[in-house]
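Take a look at the chain shown here. This report walks through its folding elements, its surface and its aromatic rings.

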Amino acid sequence: KKLKTLFGITPRLYCDDFCPVTTLYDVAYNRAKEKQYKTGSVGVGFAATLKRHDLVPLFVMDLKYKFVLNEKLRNIKTFYFAKVESEGIVDLYIEELGNLALMGYTVDCFIESCQFFIEHIFNSNDIQQDEDFDTVIFEGNQGILLDKYHGFFPNVTYGYTTNRKVKYDQLNTFYVSRCYATRHGCGILKNENLDIPVLINTECEQNHLNDWQDDFRIAMLDYDLVEYAIKCDQA
């Protein structure tokens, strides 16, 4: 709404039909597991979704068909209850499902959100045929040093955070960083022992202390690691 009011811009969101979908069950499992093992997850279910997707997939395309969506959600629910039982984190998982429900994230809410999503989404296969835009911007990834190949195990993400599939001859790629380094929860953060100016958060600050992620950490930016990250990306 602000983009439209201030600049007269109405963004369009594109998504591939075969993009994996994160459910409330993925989020609850992610947070329960993080409470148990403390690897530095942000608790949004990304890695859990990709790992579950290999066995019990849920695609964006599936959201368009009520019967398919309901059946796949039932299968995902069954999958996770068996998984948390085998891993001994049933109580933590149920607790996180309850916490999500208290925040309004129930199964019914998820299904309603899916309906809203598919009514307002555009198929990414059509983006090259869309002549309404002079410029198309793809927001990239998390920090390169969270990449599963280039980060510091086990405090890495499950996917790739480099631009390994970007066609550089067709697109301009920009590297963006804060003027300081950040870390969600545990893991290596160089220069954390050095003094840093007090930061003033925005009114929309999202990095709150929580049970699965712990503190949002900041440190002086290390230029050697910035150089290393860029070289990792170019590799």
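What follows is a short tour of a predicted model.

**The chain as a whole**

The protein chain has seven helices and four strands. Read from the N terminus, their order is α-β-α-α-α-α-α-β-β-β-α. Of its 235 residues, 31% count as buried. The accessible surface of the protein chain is about 16300 Å². Carbon and sulfur atoms hold 56% of that surface. Now take the contacts with a separation of 6 or more: 70% of them join residues 24 or more positions apart.

L6 sits in helix 1, which spans residues 2-7. Together with L3, F7 and I9, L6 makes a nonpolar surface patch of about 430 Å².

Helix 5 covers residues 90-102, and D91 is part of it. E96 belongs to helix 5 too.

Which residues does E96 touch beyond its neighbours within four places in sequence? They are A28, R31, A32 and K35. With K35 there is also a polar contact: the two side chains meet at 2.6 Å.

**Aromatic rings**

A pair of aromatic rings is described by two values: the distance of the centres and the angle of the planes. The structure holds seven such pairs. One of them joins Y14 and F122. Their centres are 5.6 Å apart, and the planes make an angle of 40 degrees, so the pair counts as tilted. Y14 lies in strand 1 (residues 13-15) and F122 in strand 2 (residues 121-123), so this pair ties together parts that are 108 residues apart in sequence.

F79 and Y80 form another pair, with 5.1 Å between the centres. Here the planes are 70 degrees apart, which makes the pair edge-to-face. Both F79 and Y80 are buried. Ring pairs also link F79 and Y80 into a cluster with Y29, F81 and Y93.

How values were computed:
Residues numbered from 1 in each chain as written. Predicted model: local features only at pLDDT ≥ 70, side-chain atom pairs only at ≥ 80, totals over all residues. Heavy atoms only, no water. Helix = DSSP H or I, 4+ residues; strand = E, 2+ residues; numbered from the N terminus. Patch = residues over 30% accessible without salt bridge, like charges linked within 9 Å, V, L, I, M, F, W, Y side chains within 5 Å. Areas by Shrake-Rupley, 256 points an atom, 1.4 Å probe, with all protein chains shown as cover. Salt bridge = Lys/Arg side-chain N within 4 Å of Asp/Glu carboxyl O. Polar contact = N/O pair within 3.5 Å; in protein donor to acceptor, adjacent residues only side chain to side chain. Contact = heavy atoms within 4.5 Å. Buried < 20%, exposed > 50% of the residue type's maximum accessible area, 1.4 Å probe, protein only. Phe/Tyr/Trp six-rings, centres within 6.5 Å; stacked < 30°, edge-to-face > 60°.
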